[in-house]
2 protein chains.
Amino acid sequence: MTSLSLSGVFAPVLTPMDKDLTIDLPLYIEFCHWLLDTGCHGLVLFGTNSEATSFSVAERMAAVDAVLEAGIPAEKLVVGNGTPAVSDGVELARHALAAGCHGVMTLPPFYYPKVSDEGLFRAFAYIIERVADPALKMYFYHIPQISGIGLSAELLDRLATAFPTAAVGVKDSSGDPENLRRFHQVAAAHPGFSVFCGTESLLLANMRGGGAGCISGMANVIPDQIRVLYDKYRDGDADVRQEQLNWMRNAALGTGFNAIAAAKALTAARTGASGWLRMRPPLVELTPAQQQVLHAAVAAAEPVLA
Amino acid sequence: MTSLSLSGVFAPVLTPMDKDLTIDLPLYIEFCHWLLDTGCHGLVLFGTNSEATSFSVAERMAAVDAVLEAGIPAEKLVVGNGTPAVSDGVELARHALAAGCHGVMTLPPFYYPKVSDEGLFRAFAYIIERVADPALKMYFYHIPQISGIGLSAELLDRLATAFPTAAVGVKDSSGDPENLRRFHQVAAAHPGFSVFCGTESLLLANMRGGGAGCISGMANVIPDQIRVLYDKYRDGDADVRQEQLNWMRNAALGTGFNAIAAAKALTAARTGASGWLRMRPPLVELTPAQQQVLHAAVAAAEPVLA
């Protein structure tokens, strides 16, 4: 069996803020330690749940530096370098690699909505070729319902063929099991190619299909519970565990509130730190009344786990 | 009659590139001069047609500097500062103001698709309040079919009320005459508020409704013809002139090719400079065969104008 480039449970780390909406670095670092201590194999700094695109390149690089200076192991970090400008994607990737991070997670350029696979191939190739470092590991980020730009299996296959050492995985946040199966076929054709699902509700399906794990917003909230399913996915009771695991997602997202705002409100409640409630515009934090609704929904749903 | 903050025919300047896909500054500067010499009242540097979001903040600021150093009058320039990160929007606006530019054109943050008017208000307010310069003039950029984020008339009204010196106009690139009328009502309630249409095909309707002019991709191609309609929109034959003016749009976009790629191909043909054919990924230049189709369509449609 060929080993995957990366595997496990990863949190796309939420970003706490000071009153001036700069990143609250002490709270951020404390949270990164907690995530690794509570079940995560590693962290994705600056994914969608991190409000990545709401921060400048300089702000993102400074936060990565701060986390590393605080003693978080670089090899446990994947840095989101998704930006509309491929030149920014190069800068963020170079910075992550120079710091020793495992790799980068890369959105397609996401301003123009109607782009061809050829244009997307050129965009990713631009970054890979200009970074020009054999250590580069790039995980492509498929989240069409947010970015507006989907990545086809054919495109991933072309990238993995053209750049076998750099194009090593994908995160599928579509939530579509059928799409996940198409990505499993890409992985089957390219040994070592890691398929992550973007929701822990597909973790079992992903592992059974040869996937590598999950990078889920809910891993900011219940990393320990997700980790248990990952560790025991071959057990006879895995289907029951998967169903149980979905309780938090169903409760939190069942409110209809923004998923990132909800995850931050739950983290604020757990830690008592108000920095978790703040969001950069255009996102808006939950109101006190909305927080009450959320906490009541979660309290009512919480199962007694085996 | 209250004077508008800005009015006239503006080109969202196309961006030529060297082989390495950096901006070809000599060609860019030459083109800016040509546009101003050929009918444009002013220029928007880094709009959608400029592939603005495909360039980093540093690349965009360097290009603005180069244009100013080449003697283009700063007061004729509006700088696009649309970015997904409001902190980048602040940096670009400060740079434009420090250089003496007339103002900025601002996209809503465009990664997260489902955002509230409250979130958008906060995003624009973030930029205005942190720039903190009474000279700031901001033109909001409504292009929902590209950015995925529309600006409601209610939001514009709230912004113009809260920030009367900064929130001074809008560019409506929706192409929807009904939406343009809603924006005219905002302008009627806020003297000086300038409504630009994003297509020269609505120039007459916009001027008759109290609008300020147009900022149209086609102003990169036929600035002289658009200028004539702007100057003569009160004449008895204005409706005929408007219909005649649409020939280029109908011919070029009738091909179904990407509008920016088409405008660049037409500019390459006019100037003979291959730097006009290049595009940053994810956009892709027209193939030689597509260029032939385009040029044939334009040649067949060209009218003998009065």
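Predicted model: local features only at pLDDT ≥ 70, side-chain atom pairs only at ≥ 80, totals over all residues.
Strands of a sheet pair through backbone hydrogen bonds, in either a parallel or an antiparallel manner.

One pair within chain B joins strand β5 (residues 138–142) to strand β6 (residues 167–172), in the parallel sense and over five bridges. In this pair, B:Y139 stands opposite B:G169 of β6(B).

## Two packed helices

Two packed helices are described by the angle and the distance between their axes. In chain B, helix α12 (residues 259–271) and helix α13 (residues 288–301) pack at an angle of about 80 degrees, with axes 10 Å apart. Angles of 65 to 115 degrees count as roughly perpendicular, and α12(B) and α13(B) are therefore roughly perpendicular to each other.

Helix α12(B) contributes B:A262, B:A265, B:L266 and B:A269 to the contact, while α13(B) contributes B:Q291, B:L294, B:H295 and B:V298. Six of these contact residues are nonpolar, two are polar and none is charged.

## Cysteines

The structure holds zero disulfides over all chains. For A:C101, the nearest cysteine sulfur belongs to A:C32 and is 11 Å away. A:C101 counts as buried, at 6% relative accessibility.

B:C214 is likewise in no disulfide, and the nearest cysteine sulfur, that of B:C197, is 5.0 Å away. B:C214 is buried, with a relative accessible area of 0%.

Key. Residues numbered from 1 in each chain as written. Chains lettered and ligands numbered in written order. Heavy atoms only, no water. Disulfide = S-S within 2.5 Å. Buried < 20%, exposed > 50% of the residue type's maximum accessible area, 1.4 Å probe, protein only. Axes fitted to C-alpha atoms, helices over the stretch in contact; angles between N-to-C directions. Helix = DSSP H or I, 4+ residues; strand = E, 2+ residues; numbered from the N terminus. Parallel < 35°, antiparallel > 145°, perpendicular 65-115°, else oblique. Contact = heavy atoms within 4.5 Å. Nonpolar A, V, L, I, M, F, W, Y, C, P; charged D, E, K, R; others polar. Pairing = 2+ DSSP bridges.
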